[in-house]
Amino acid sequence: DPGEVFAGQNFSLSFSLSNMSTRTAVGNLKVTVSSPDASFLPVGGASSIFISAIYAGQSSGGEIYFKALPTLEERPYLLSLNIEYEDLSNYQSFSTDETIAVMVRQQARAETSTITVMPETLYVGQDANISFNVQNQGKARLFNTKVKVKAGQAISGAEQFIGNIEPGAVGAVDMMVHAEKQSTQPVVLEISFEDAAGAVTTIERKVEVEIAEDTRGGELPIVEPEPGNG
């Protein structure tokens, strides 16, 4: 608990042991849970639980707490469950092992570079170019990254699909927008991406843009994308 653990997070492992015999009790049980590659550290230093006896047809269990290392990559990791016990009818010793897979997730983290608008001052009806980078600052891939102008603003523009961004890499944004009405308010951009489980995260960034009424007359200048940017 939880079923999917984030790197750096604490979690608990609960287990139940059932004595499937109809006539023999088992006792002196020692249950040890360990991480073969030390990916999970026991919280409080305890990784074993002792159970005095489980009678025929009965069950008993316990709970152990762990912390996932913050440096873990996003993938399944193994926990080993070792059980040592005795047959109380003759005190013969036994042991058994079980393996549990724990899915570890990395928190998706994205940041943006400085956002540039060209030209910085617009007139109603004019087009402009917005460019910046989306930086993946986490250890997990960002899926289906998109950028759009938040609806209901003085500027409109088509959504730009960036795609997947690997850890430590950047995705380039170079989008054309259109000035719809006069405004001195910042324009809000929405950057969204998914993690490996499909959960969507949306972050917002504000960019200062001044849009004035066009009193110049004549044709409005056309902004051409810079070479190599689209």
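Two strands count as paired if DSSP finds at least two bridges between them. Helices (H or I, at least four residues) and strands (E, at least two) are DSSP runs, numbered from the N terminus. With these terms, strand S1 (residues 4-6) and strand S8 (residues 92-105) pair in the parallel sense over three bridges. Within this pairing, Val5 has Val104 as its bridge partner in S8, and Phe6 has Arg105.

The model is predicted: local features need pLDDT of at least 70, side-chain atom pairs count only at pLDDT 80 or more, and totals for chains, interfaces and linings use all residues. Residues are numbered from 1 along each chain as its sequence is written, and side-chain values use heavy atoms, with hydrogens and water left out.

The protein chain has 19 strands and zero helices. Its C-alpha trace spans about 105 × 30 × 25 Å along the principal axes. The radius of gyration of the protein chain is 29 Å, whereas a compact globule of 230 residues would have one near 17 Å. That radius is taken over C-alpha atoms, and the globule rule is 2.2 Å times the number of residues to the power 0.38. Of the 230 residues, 36% count as buried; buried means under 20% relative accessible area, exposed over 50%, and partly exposed in between (1.4 Å probe, protein chains only). A contact means heavy atoms within 4.5 Å. Among contacts with a separation of 6 or more, 68% come from residues 24 or more positions apart.

S1 and S8 belong to an open sheet of five strands with mixed pairing, in the order S1-S8-S7-S3-S5. S1 and strand S5 (48-54) each have a single partner strand and stand at the edges, so one side of each is left without a neighbour in the sheet. Neighbouring strands here are turned by 30° against each other on average, direction ignored. For such angles, axes are lines fitted to C-alpha atoms, for helices over the stretch in contact, and angles run from 0 to 180 degrees between N-to-C directions. Inside the sheet, strand S7 (residues 75-87) pairs with S8 in the antiparallel sense over 13 bridges, and Tyr77 has Val102 as its bridge partner in S8. The hairpin of S7 and S8 has four residues between the strands, and Tyr91 takes a positive phi near 60° there.

Another open sheet has three strands in the order S2-S6-S4, with antiparallel pairing. Its edges are strand S2 (10-18) and strand S4 (40-42), each with a single partner strand, so one side of each lacks a neighbour in the sheet. S2 pairs with strand S6 (residues 59-68) in the antiparallel sense over nine bridges, and Leu17 stands opposite Ser60 in S6.

The loop between strand S3 (26-34) and S4 holds Ser35. Ser35 counts as buried because its relative accessibility is 13%. A polar atom of the Ser35 side chain lies 3.3 Å from the backbone nitrogen of Phe40. Leaving aside neighbours within four places in sequence, Ser35 is in contact with Phe40, Leu78 and Leu79. Ala38 is found in the loop between S3 and S4; with a relative accessible area of 41%, Ala38 is partly exposed. Its phi is near 60°, positive in a residue other than glycine.

Most residues other than glycine have a negative phi, and most peptide bonds are trans. Asn28, placed in strand S3, also has a positive phi, near 50°. Two cis peptide bonds can be located as well: one runs from Asp1 to Pro2, with omega near 5°, and one joins Met118 and Pro119, with omega about -5°.

A nonpolar core is a set of buried Ala, Val, Leu, Ile, Met, Phe, Trp, Tyr and Cys residues joined through side-chain atoms within 4.5 Å. The largest has 27 residues, and those with the most contacts inside it are Ile130, Phe132, Val134, Ile155 and Val209. Strands that each supply at least two residues of this core include S12 (127-136) and S13 (142-149). A second, separate core of 23 residues includes Val26, Ala68, Tyr77 and Val104. Ile155 is in contact with residues including Leu122, Val149, Ala179 and Val209, leaving aside its neighbours within four places in sequence.

Gln126 lies in the loop between strand S11 (121-123) and S12 and counts as buried at 5% relative accessibility. Its C-alpha atom is separated by 5.5 Å from that of Ala179, 53 residues apart along the chain.

Notes:
A polar contact is a pair of N or O atoms within 3.5 Å; within protein, one must be able to donate a hydrogen and the other to accept it, and residues adjacent in sequence count only if both atoms are side-chain atoms.
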